[in-house]
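Hi,

Here is the model I said I would pass on.

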Amino acid sequence: MGDFFKSLFGGQKPRAPEPGSDDDFADFVSAPSPSPIYNPPSDSSDAPTAASFPEHETLPTGAAKIPYTKWYRVWERTSPRDFYAEAIIIPFILVLALVHIWGRRKNKRKASVWIAAHAPTLEREFASVGFDKRKELADYGGDFSGLLKEKSAQEYITYATGRHNVAFVDLKVKLFKRYNPLTLVVETALSFLFETIRPPKEVMEATIYAFDGKEKDLVPVKSKAELDTKDSRFKGLPNSGFDACVWAVVHKEQMKGLRDERYDVSLTATKDHKNLPQWASVMSESAEVTETLLTKDLVEAVEKAGDAFEYLIVTDQPVDKPVKLNEATPRKRVIISLRLPSSTHASAYEPTMPIFEYFLKMPDTLVATAHFRGEVTRKIRATREEETRKLKKADEGEKAEERRLEAEKKKKEIRDTRLKGLSAEEQRKFLEREREKGQKKQEKKMSRKA
């Protein structure tokens, strides 16, 4: 510190440290200063060589002054064994990507073949097919894949409307997860181990929503003029209503799964029918319903479809068991499920075309014939009323519980407000009286149980 002040005021200058006096850096005193090595580019014939610049001489202007060492020469400091992990991971990723692309394309091609086989039938039965209402079938030029919409890599959907007795129909094509073979293998293996897990399958599911006399409510109105003439537009139409029922023709392999998965089918009784093949059965709420709906054309179509046929259901009840009254509102529908063939040719769908065409025309059959005797109708209605009564009872119980909780909440608020306005001594007496009342109530309960 003294030397510092002396240097400030012109005193004695501090002595310079003697060379080699710092013991901390003694190990580095003898280390030579590194000399840059100049490596000229090999592709230049007139570039200066290393011999042109002896050691400790200055490099010429414009020459690269980067010292090239072994660090920049990757081929000298690495070997193939350093890339064993990459050699395994990169091909695996490439294989997954190729399988994913192949699986998506395969599913898209199979869905396109399905719509190509069924588009003419849909055009004959409906005024509008597909989600683009401005296009007609001829506008697609033979490529009907535009009628489908890809909901996911394994599911394609389409839509049709514009037909008597039918509000609209939804169609779904569900395919294997070819784009993810690992998931497909796991799901298949689990289906063998557990009965509750159904194996993966490729199916077409379609649902027709019937008008059931509600054309005024379901048909959209595009202008005010149409709104003014709405009543007159539907006045001359025949009645599209039919009696409510749950009825199905089911492949016996699908019967147990349907009962577990669908609430509406669980309301029916299962019986074999002499006209059906041995592998098919009827699920119905009444024998009269079966005799009315099981026509000769339907039996022939089911026989021709064979194992590709899964089920045909007529229902007015929801798929999932209702837990509230608004969920039990009846909505009449016709549902079909058909397995898709493994072939990707349109001719492979010929066996299932009769049952598909019958399905599209079935609302006409229901409107014409599904008007049952009063005794049958009362029995079917009684089943629904019983379910509705259970829902009402559960709903009333929930409302009563809500009212009780609300009353207790208000009572507690009044008690807390009253307690805050009391002094400490009054609060103590108030709490003692409450405790005594509670003990008396508990004693009364114990005596009643005894």
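Let's start with helix H8 (residues 252-261), where Gln254, Met255, Gly257 and Leu258 are buried. Buried here means under 20% relative accessible area, exposed means over 50%, and partly exposed is in between, with a 1.4 Å probe and protein chains only. Helices (H or I, at least four residues) and strands (E, at least two) are DSSP runs, numbered from the N terminus. The cover over the buried residues of H8 includes strand E6 (247-251), strand E7 (269-271), E8, strand E9 (309-315) and strand E10 (333-339).

Before going further, some housekeeping: this is a predicted model, so local features need pLDDT of at least 70 and side-chain atom pairs count only at pLDDT 80 or more, while totals for chains, interfaces and linings use all residues. Residues are numbered from 1 along each chain as its sequence is written, and side-chain values use heavy atoms, with hydrogens and water left out.

The overall picture: the protein chain has 13 helices and 10 strands. Of its 450 residues, 31% count as buried. Take the contacts (heavy atoms within 4.5 Å) in the protein chain with a separation of 6 or more: 69% of them are between residues 24 or more positions apart.

Now the cores. A nonpolar core is a set of buried Ala, Val, Leu, Ile, Met, Phe, Trp, Tyr and Cys residues joined through side-chain atoms within 4.5 Å. The largest one has 60 residues, and those touching the most other members are Met204, Trp247, Leu298, Ile355 and Phe359. H11 provides the largest share of this core, eight residues. Another core, of nine residues, lies apart from it, and Ala248, Val250, Met255 and Ile313 are among them.

Which residue of strand E8 (residues 280-284) did I look at? Ser281. Ser281 counts as buried because its relative accessibility is 1%. Its side chain reaches the backbone oxygen of Lys271 at 2.9 Å. Beyond its neighbours within four places in sequence, Ser281 is in contact with Ala248, Val249, Val250, Lys252, Met255, Thr270, Lys271, Asp272 and Leu276.

Glu205, in strand E5 (residues 203-210), counts as partly exposed because its relative accessibility is 23%. Glu205 and Ile336 are 131 residues apart in sequence, yet 5.8 Å apart in space, C-alpha to C-alpha. Not counting residues up to four places away in sequence, Glu205 touches Asp170, Leu171, Lys172, Lys174, Tyr311, Ile336 and Ser337. With Lys174 there is a side-chain to side-chain polar contact at 3.4 Å. By polar contact I mean a pair of N or O atoms within 3.5 Å; within protein, one must be able to donate a hydrogen and the other to accept it, and residues adjacent in sequence count only if both atoms are side-chain atoms.

On to the rings. There are five aromatic pairs in the structure. Rings of Phe, Tyr and Trp (its six-membered ring) pair if their centres lie within 6.5 Å; planes under 30 degrees apart count as stacked, over 60 as edge-to-face and the rest as tilted. Phe356 and Phe359 make a tilted pair, 6.3 Å centre to centre with 35° between the planes. Both lie in helix H11 (residues 353-369), three residues apart, about one turn of the helix, and both are buried. Elsewhere, Phe131, Tyr159, Phe168 and Tyr209 form one aromatic cluster.

Two rings have a lysine over them. A charge sits over a ring if NZ of Lys or CZ of Arg is within 6 Å of the ring centre and within 35 degrees of the ring normal. Lys149 lies over the face of Phe131, 4.3 Å from the ring centre, and the charged end of Lys332 sits over the ring of Phe242, 4.8 Å from its centre.

Last, some backbone details. Most residues other than glycine have a negative phi. Asn165, however, has a positive phi of about 70° although it is not a glycine, and its place is in the loop between E3 and strand E4 (166-174). Asp212, also not a glycine, has a positive phi of about 55° and is in the loop between E5 and helix H5 (215-218).

Cheers
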